[in-house]
Amino acid sequence: MVGIDRRSALISAAGAGAAAWGVAAGTAAAAPPVRSARQPLRVHIVAFDGAEELDVFGPLEVFGAAASMGLPVRPLLVTSGGPGRVTASFGTDIAVPGAWDPRAADVIVVPGGGFRNRQAPGVWAEIAKGVLTRELRRAERPSLTLLGVCTGVIVLHAAGMVGDRPCTTHHRAQQYLKDQGADVRTVRVVDDGNLVCAGGVSSGIDGSLWLLERELGSQAATAVEALMEYERRGTVLRTAAAPVAGQRRG
């Protein structure tokens, strides 16, 4: 059996992938991009008290790295209200510059955090307050993709965005969602069109890379993956509702 150095293959492929977008020298063999500087992928990442740090910063790293490479991506940290500061799960003080404006977003990322302690800041506190869940319901439209990261899927379910749809979440929260009637799959990422779910704390990176691939093409995602020196893991389950990668939805 011949071993394959996947990291070397990724770095080699990344040169071609980035070149397709004009960010580095290399060989471009990608399909024409569906987004441009005029129509970038606008990603709003929600932050709230008790949110898991990696659930927030994993997606921010992916989309921020893409933007730094010249890819047509525009990430922004937001809250369910106006700009301000939040304290994440392990005490990280986060300055949030963005105001809630889902009409200015193509993707809204909802992190998890605090699932095991209903008395602490986190997903249960956000559900009890009802502001984020209400605003998510108001934001719903066919062209908006919601990315639930880890137990952020619990928030999306409380907002009525999951129901009995295929989804995934952290393994410790899967039974809860099953008991609520959700169609929980034991995979890394579930793409059900305008609902994408990533299961596990670090899975926000995988879910974000998948969305980058879906919206901008495989070479763009490979370039970011190589820059981050990160190897995607697990399975992406694409349902019949998932769009073809690289084809923009209306």
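Residues are numbered from 1 along each chain as its sequence is written, and side-chain values use heavy atoms, with hydrogens and water left out. In this predicted model, local features require pLDDT of at least 70 and side-chain atom pairs count only at pLDDT 80 or more, whereas totals for chains, interfaces and linings use all residues.

The protein chain contains 8 helices and 11 strands (DSSP runs numbered from the N terminus: H or I of at least four residues for helices, E of at least two for strands). Of its 250 residues, 52% are buried (under 20% relative accessible area with a 1.4 Å probe, protein chains only; exposed means over 50%, and partly exposed lies in between). The accessible surface of the chain amounts to about 10900 Å², with 51% belonging to carbon and sulfur atoms (Shrake-Rupley method, 1.4 Å probe). Among contacts with a separation of 6 or more, 64% join residues 24 or more positions apart (contact denotes heavy atoms within 4.5 Å).

The largest nonpolar core comprises 66 residues (a set of buried Ala, Val, Leu, Ile, Met, Phe, Trp, Tyr and Cys residues joined through side-chain atoms within 4.5 Å). Helix H7 (residues 203-216) gives the most to this core, with 6 residues. Val73, Ile108, Leu136, Leu212 and Val224 have the most contacts inside the core. Beyond its neighbours within four places in sequence, Leu136 is in contact with Trp100, Ile108, Val110, Leu146, Val155, Leu156, Ala159 and Met161.

The axes of helix H2 (residues 53-68) and H7 come within 7 Å and cross at roughly 35° (lines fitted to C-alpha atoms over the stretch in contact, with angles from 0 to 180 degrees between N-to-C directions). The contact involves Gly58, Pro59, Val62, Phe63 and Ala66 of H2, together with Gly204, Ile205, Ser208, Leu209, Leu211 and Leu212 of H7. By class, these residues are 8 nonpolar, 3 polar and no charged (Ala, Val, Leu, Ile, Met, Phe, Trp, Tyr, Cys and Pro are nonpolar, Asp, Glu, Lys and Arg charged, and the others, Gly among them, polar).

Most residues other than glycine have a negative phi. Cys150, although not a glycine, has a positive phi of about 55°; this residue lies in the loop between strand E6 (145-149) and helix H5 (152-158). Cys150 counts as buried, at 4% relative accessibility. Glu229 likewise has a positive phi, near 50°, and lies in the loop between helix H8 (218-228) and strand E11 (236-238). At 54% relative accessibility, Glu229 counts as exposed.
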